[in-house]
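Student: Could you show me how to read a model of this kind, step by step?

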Amino acid sequence: IYRELCLSGCYLDLDAHYGNSIEDTRDFTPDLNRAIPKGFNFNQIGSSDRSYYYSLKWFLIKLEKAVRAGSINYVVWCHGADSHESDDLGGKLTTQEWLECSRMFYDWVKRINVKLEKPLPVIITLFGGYREDDYDSVLSLHTGDLLVCLNTLCGRNIKYVPEVKPRR
């Protein structure tokens, strides 16, 4: 996107497993610092559900300033289901807390669209989610995130409660 349109983006990576491919490639990838400016590859931090939630909340304040200033032109939402407590890799959020992060993000997008008087491009990705015993739980969480998006940004009123089975 940067090379073709000179647009810079932000990655909101709420995936909880290991690695950070964007930061790990900055030193040898031309244009990456312009495509995804330093400080705008958000990787979730926090040792508890509340710190996890609040780090996202505070980052969205920073992100809004950058979007309004025109230095960030689109956002990639990477809401990893592996941050859920039932994930095989040991996430920390309950289903309610995980969906609360979705609501916070999509409410933010709705507010920023009103302030900008145009839609902010948002790319939604399905990151993470590891359940050898029940992959349907992962899909159910991702479905819940997408329905929060539809209900918030598209004015839908679809009732859905993700079904996440405890790990065996």
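Tutor: We begin with confidence: the protein chain has a mean pLDDT (the predictor's confidence in each residue, from 0 to 100) of 92, and 95% of its residues reach 70 or more. This is a predicted model, in which local features need pLDDT of at least 70 and side-chain atom pairs count only at pLDDT 80 or more, while totals for chains, interfaces and linings use all residues. Residues are numbered from 1 along each chain as its sequence is written, and side-chain values use heavy atoms, with hydrogens and water left out.

Student: Where in the protein chain is confidence lowest, and where is it highest?

Tutor: Where pLDDT is low, the predicted coordinates should not be read in detail. Here the lowest mean, 88, belongs to helix α2 (residues 21–25), and the highest, 97, to α6; helices (H or I, at least four residues) and strands (E, at least two) are DSSP runs, numbered from the N terminus.

Student: Which residues have the most contacts inside the largest nonpolar core?

Tutor: In soluble globular proteins, nonpolar side chains tend to be buried together. A nonpolar core is a set of buried (under 20% relative accessible area, 1.4 Å probe, protein chains only) Ala, Val, Leu, Ile, Met, Phe, Trp, Tyr and Cys residues joined through side-chain atoms within 4.5 Å. The largest one has 32 residues, and those with the most contacts inside it are Leu-12, Leu-14, Leu-56, Leu-60, Leu-63, Phe-105 and Trp-108. Among the elements that give two or more residues to this core are β1 (9–13) and α4 (49–69), but α5 gives the most, with 9 residues.

Methods
Buried < 20%, exposed > 50% of the residue type's maximum accessible area, 1.4 Å probe, protein only.
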